[in-house]
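Here is a short briefing on charged side chains and how they pair up. Have the sequence and the model open side by side as you read.

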Amino acid sequence: QVQLQESGGGLVQAGGSLRLSCEASGSIRSMNDMYWYRQAPGNQRELVGGIRNDGSVNYADFVKGRFTVSRDNTKNTVYLQMSSLKPEDTAVYYCYAERVVLTSGVGLATWGQGTQVTVSS
């Protein structure tokens, strides 16, 4: 099995920054594309951004220029650096692994449990 653990959420003032981390644990051989999603109360879960195994990234328009996704494959960790935060960025942020390949050869898609980000005005 594999688990994703997010960390780094919290309360920050508008204009501030936070860095979220998502660490995968388990008997991992490799991780393919990784994504960050968010869900605000009453809203559907939406894609924030993602990073492929080759390091190429993509972002939702509402975070372009403010958020950066990166990864450290040696640590099985993906990061979301958030800057110039706005109150509308308040949400639970989730990490999603499209396919984590275990040492057994099994590939799994996995969600983390989420971390709360609250931006005060």
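Arginine 38 is buried, with a relative accessible area of 6%. In this predicted model, arginine 38 pairs with glutamate 46 in a salt bridge, and the structure holds 5 salt bridges.

**Arginine 38 and glutamate 46**
- The closest N and O atoms of glutamate 46 and arginine 38 are 2.8 Å apart.
- Glutamate 46 has a relative accessible area of 31%, so it counts as partly exposed.
- Arginine 38, at 6%, counts as buried because its value is under 20%.

**Arginine 66 and aspartate 89**
- A salt bridge joins the side chains of arginine 66 and aspartate 89, at 2.7 Å from N to O.
- This pair connects distant parts of the chain, with the two residues 23 residues apart.
- Arginine 66 sits in the loop between strand 7 (57-59) and strand 8 (67-72), while aspartate 89 sits in the loop between strand 9 (77-82) and strand 10 (91-102).
- Both arginine 66 and aspartate 89 are buried.

**Lysine 64 and aspartate 61**
- Lysine 64 and aspartate 61 form a salt bridge, their closest N and O atoms lying 3.2 Å apart.
- Aspartate 61 is exposed, with a relative accessible area of 63%.

Notes: Residues numbered from 1 in each chain as written. Predicted model: local features only at pLDDT ≥ 70, side-chain atom pairs only at ≥ 80, totals over all residues. Heavy atoms only, no water. Salt bridge = Lys/Arg side-chain N within 4 Å of Asp/Glu carboxyl O. Buried < 20%, exposed > 50% of the residue type's maximum accessible area, 1.4 Å probe, protein only. Helix = DSSP H or I, 4+ residues; strand = E, 2+ residues; numbered from the N terminus.
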